[in-house]
Amino acid sequence: MSDAAPLLVNARRAAELCGVSKSCWWAQLAAGRVPLPLRLGRRTLWRSADLADWVADGCPPRDQWQQTRGGRR
């Protein structure tokens, strides 16, 4: 088994990484304040690297953050 960090994380883990509750994470998603997730089958997941970049950029609103990244999801 590898000790590498996962490339994709679920809402619970994304919320933990960002220091908020899971319910707060979902509310922030609905309000457009966190990066958009990916859908993989029935799962909703976030790229760990996107979350790290978003936090490093100061957690700007999603639309502003996506503009600085050249519109990449």
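Predicted model: local features only at pLDDT ≥ 70, side-chain atom pairs only at ≥ 80, totals over all residues.
Trp26 belongs to one aromatic cluster, together with Trp25, Trp46 and Trp54.

**Burial around the cluster**

- Trp46 has a relative accessible area of 1%, so Trp46 is buried, given that buried means under 20%.
- Trp25 is also at 1% relative accessibility and counts as buried.
- Trp54 is buried as well, with a relative accessible area of 6%.

**Ring pairs**

- The model has 3 aromatic pairs, counting rings whose centres lie within 6.5 Å.
- In one of them, the ring centres of Trp25 and Trp54 are 6.2 Å apart; their planes stand at 85 degrees, so this pair is edge-to-face.
- Trp25 sits in helix H2 (residues 22-30) and Trp54 in helix H3 (residues 48-56), so the contact ties together parts that are 29 residues apart in sequence.
- Another pair joins Trp26 and Trp46: their ring centres are 5.7 Å apart and the planes meet at 65 degrees, so these rings too are edge-to-face, the class for angles over 60 degrees.
- Here the link runs between distant parts of the chain, from Trp26 in helix H2 to Trp46 in strand E3 (residues 43-47), 20 residues apart.

**Putting it together**

- Helix H2 carries Trp25, which pairs with Trp54 of helix H3, and also Trp26, which pairs with Trp46 of strand E3.

How values were computed
Residues numbered from 1 in each chain as written. Heavy atoms only, no water. Phe/Tyr/Trp six-rings, centres within 6.5 Å; stacked < 30°, edge-to-face > 60°. Helix = DSSP H or I, 4+ residues; strand = E, 2+ residues; numbered from the N terminus. Buried < 20%, exposed > 50% of the residue type's maximum accessible area, 1.4 Å probe, protein only.
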